[in-house]
Amino acid sequence: MGSDREYGRNVRRVLRSLIGPIYAPSFIYAIGTGALAPMLVLAALDLGFSESLSSAVVGVNGLVGVISAPIVGSILVSRSEKAAMIAATAMAIGALSGMLFALVHAGRPWAQAVYVIGIVILAISANVWSLARQSYVSQSVPPLFRARAMATFGGMFRLGNLVGPAIGSAVVTLWAIGAVFVLHISTALIAVGLILVFALPTPTMLDTTASSASGKATDPAPTERPDWMPPPRESIDYPASVTVGISIVALSLARANRNVLIPLWGNALGMEAETISLTWAIAAIVDVIMFYPSGALMDRYGRRAVLVPTLGVMGLAFAFLPFTSTPVAFVLGACLVGFGNGFGSGIMMTTGADLAPDHNKSKFLGYWNGVSQLGATVGPFLVSSLTAAWSLSVAIWATAGIGVFAALWTLTTMPWAYARLGMNTRGTRLIVRRK
């Protein structure tokens, strides 16, 4: 009982140390991205892009994310995380200023080109921001607390993206679409101010906390490796990475498709835009609430204990959606999808940190982020193709099937993949019991 209390105190101590330099900037920056996201298409329309081209222009954002993630990871190997975040903020402010300038001068021949360039730079800066903080947490927070640290990190993004559109809507109502760009510039400046004010905790301090939680000496020598730590690895284990990567790609595909399928199904049922929007907001709240329990479950019972339910629940919830025909049933289905998604908060970043070798972690995480975004890029195209060839219901059931298959795949293969790395699915050293 006493050890559980000590463990809880150490978890809280680690998470508190990351509030100023990691969590608060992430939340504030995400408010800006959340406010801007629904306005990107509308701003493109104001610049004279057609509806199809406006969608394609915004789609560039996801494509650039996939391509740039490995490059960003390679660059971060030789840079500090703090310097990378400051550079990324400068890039974002420059891109947003250029996009706002283009919007003010809509109709000029160069305005559309400036806007597209701004979206590309903004996507790259977002990758740097995310990967730099993920890299720091993965290298500095011990496996004992890693899932909660990562899930809370992801939760700050989700919370900011939930609050952001509400603030953005108010700003646009009071002024115009351009005001959202100013809002994001402001949140970026506040976020980088927090990064400059609050120092990142040193890895030594966090490792000391972990040693205390596991009942070991609280001041280990720098060269010591606690007995709960998995064995060191200098290279990538490709079979393990591909095995877990299949589950992660399936999850990112399901997550991307919920952004498309839920609104489309609501529209197919003849529901008003306000009802669909409210349903989305309710589902998003359910999603956000789950981020801390998700991390706690991963730390206590392993990554599989979260990844299997999140894939399975989302898959079954999607399968239920085509059978809904009333507003109440539609809201229930959307909330089940949100619950499943929230259940897996931080799982992509946590598995990436687990699989990353000790050498060149940032480079591996860059490739891992690119792989995880691959599903998000392919998913909407899959929905579009299946809907055009057959029907929206077929697209929904295909997404459901992918989720259920991936849940079964994870259930059977994840322990094997982690065992290859000498660890259990909690990310700590695997203990082989002799018969």
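## Helix packing in a predicted model

S130, R133, Q134, V137 and S138 in helix α6 meet R146, A149, M150, F153 and F157 in helix α7. By class, this contact of α6 with α7 holds 5 nonpolar, 3 polar and 2 charged residues. The model is predicted. The protein chain has 17 helices and 0 strands.

**The whole chain**

- The protein chain has 435 residues, and buried residues make up 52% of them.
- Take the contacts in the chain with a separation of 6 or more: residues 24 or more positions apart account for 84% of these.

**The pair α6 and α7**

- Helix α6 covers residues 111-140, and helix α7 covers residues 143-174.
- Their axes come within 10 Å and cross at roughly 160°.
- Angles over 145 degrees count as roughly antiparallel, and α6 and α7 are therefore roughly antiparallel to each other.
- The crossing of α6 and α7 is right-handed.

**The pair α15 and α16**

- The axes of α15 and α16 (residues 361-389) also come within 10 Å, and they cross at roughly 140°.
- That angle makes α15 oblique to α16.
- The crossing of α15 and α16 is right-handed.
- On the α15 side, the residues in contact are M348, T351, G352, A353 and L355.
- They meet K361, F364, L365, W368 and S372 in α16.
- By class, the contact of α15 with α16 has 6 nonpolar, 3 polar and 1 charged residues.

**Helix α13 and what covers it**

- Helix α13 runs over residues 304-320, which is 17 residues.
- At 1.5 Å a residue, α13 should span 24 Å. The expected span is 1.5 Å times one less than the number of residues.
- Which residues of α13 are buried? They are V306, L307, V308, T310, L311, G312, M314, G315, A317 and F318.
- The cover over these buried residues includes α10 (238-268), α12 (291-301) and α14 (327-343).
- It also includes α15 (347-355) and α17 (392-420).

- T243 is found in helix α10.
- Is T243 buried or exposed? T243 is buried, because its relative accessible area is 9%, and buried means under 20%.
- Leaving out residues up to four places away in sequence, T243 touches W409, T413, W416 and A417.
- T425 is found in the segment after α17.
- T425 counts as buried too, at 15% relative accessibility.
- Which residues does T425 touch, not counting residues up to four places away in sequence? They are Y301, G302, R303, R304, M414, P415 and Y418.
- I282 lies in helix α11, which covers residues 273-289.
- I282 is partly exposed, with a relative accessible area of 33%.
- I282 and C335 are 53 residues apart along the chain, yet their C-alpha atoms are separated by 6.9 Å.

Note on methods:
Residues numbered from 1 in each chain as written. Predicted model: local features only at pLDDT ≥ 70, side-chain atom pairs only at ≥ 80, totals over all residues. Heavy atoms only, no water. Axes fitted to C-alpha atoms, helices over the stretch in contact; angles between N-to-C directions. Helix = DSSP H or I, 4+ residues; strand = E, 2+ residues; numbered from the N terminus. Parallel < 35°, antiparallel > 145°, perpendicular 65-115°, else oblique. Left-handed = near helix turned anticlockwise from the far one by under 90°. Contact = heavy atoms within 4.5 Å. Nonpolar A, V, L, I, M, F, W, Y, C, P; charged D, E, K, R; others polar. Buried < 20%, exposed > 50% of the residue type's maximum accessible area, 1.4 Å probe, protein only.
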